[in-house]
Amino acid sequence: MKFKTIALAALLATTGSAFAEIQTGQTGSFGEAELVFIATNSKGSFLKDLGVTANAFQSNGNFNFSVQGAEWDKFVAFGGSDTKWTVLAANPLGFGFEPGEINLFTTVGAGQAANGINNQVFNDAVNNLASIFVTSDDIATNTGIGADNIELAQAAGSDGYLAGYINLAGFYNQVGSVNETLKMAYLTSSNDNGSSLVLASPYVNASTEVSFNGTSIAAVTAPVPEPSTYALLLAGLCAVGFMVRRRQS
């Protein structure tokens, strides 16, 4: 089954923003999409452009941003409860459907298999995310935030309300609760068969964890030990084992 395609390129070409745009990498640069924090509940949603590209996060593996400010206060004032959150970067490159052409960097909710979504739903959902970010760019006033860090709170039912866009149209659990820690994954379409599952791998690596405590969003990646570090660890374990055997003899 071939995919439906969305005329996103035309949308991006004809829709302008008066402020800095959330970069989705649509111009053809893999990994240049920016990470976005989204919080939603039944009363409203909040979006914060973290201003960090997927490539930059891949290299660094850590960040810590406060969400506090006028737009977050507006979101809280909506009065919703059971807020869910995610961090993602939508990175569709053109309209191909081979690996590396439709890409998503995302948190993975509890119990969700990293590749547990088919190509058809995945590709449509990623393109729709890129589209709603264009809408968010147009709505955001960006007042007092800075040119590279768009923030936007929108009430349920209004343009830019994001509850229907996270969780990939309801087919993939991307979200966590406040104070929950999530892993991250990189997803890409696998082939032009809509029923095939996507390809997935850990992002930045298997140790990377992202958490939201209600005021700030943070990511931590444990450094990968150098081969020499493993060698020293092995030598230490061997020495301990030798001492144990010696005491037992």
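Student: What is the mean pLDDT of the chain?

Tutor: The structure is a predicted model, and pLDDT is the predictor's confidence in each residue, from 0 to 100. In this chain, 75% of the residues reach 70 or more. The mean pLDDT of the chain is 82.

Student: In which helix is confidence lowest?

Tutor: Strand β7 (residues 176–177) has the highest confidence, at 98. At the other end, pLDDT stays under 50 over residues 1–20, although the model has 48 contacts beyond four places in sequence for them. Where pLDDT is low, the predicted coordinates should not be read in detail. The lowest confidence, at a mean of 31, belongs to residues 8–14, helix α1.

Student: How many residues of strand β5 are buried?

Tutor: A residue counts as buried when its relative accessible area is under 20%. Strand β5 covers residues 102–108 and is mostly covered. The number of its residues that are buried is 7 of 7.

Student: Which residue in β8 is the bridge partner of T107?

Tutor: Strand β5 runs antiparallel to strand β4 (residues 84–92), to which 5 bridges join it; there, A90 has L104 as its partner in β5. Strand β5 also pairs with strand β8 (residues 181–188), in the antiparallel sense and over 6 bridges. Within β8, the bridge partner of T107 is M184.

Student: How far apart in space are P202 and L187, C-alpha to C-alpha?

Tutor: P202 lies in strand β9 (residues 199–202). Leaving aside neighbours within four places in sequence, P202 is in contact with M184, A185 and Y186. P202 and L187 are 15 residues apart in sequence, and their C-alpha to C-alpha distance is 9.0 Å.

Key:
Residues are numbered from 1 along each chain as its sequence is written. This is a predicted model: local features need pLDDT of at least 70, side-chain atom pairs count only at pLDDT 80 or more; totals for chains, interfaces and linings use all residues. Side-chain values use heavy atoms; hydrogens and water are left out. Buried means under 20% relative accessible area, exposed over 50%, partly exposed in between (1.4 Å probe, protein chains only). Helices (H or I, at least four residues) and strands (E, at least two) are DSSP runs, numbered from the N terminus. Two strands pair if DSSP finds at least two bridges between them. Contact means heavy atoms within 4.5 Å.
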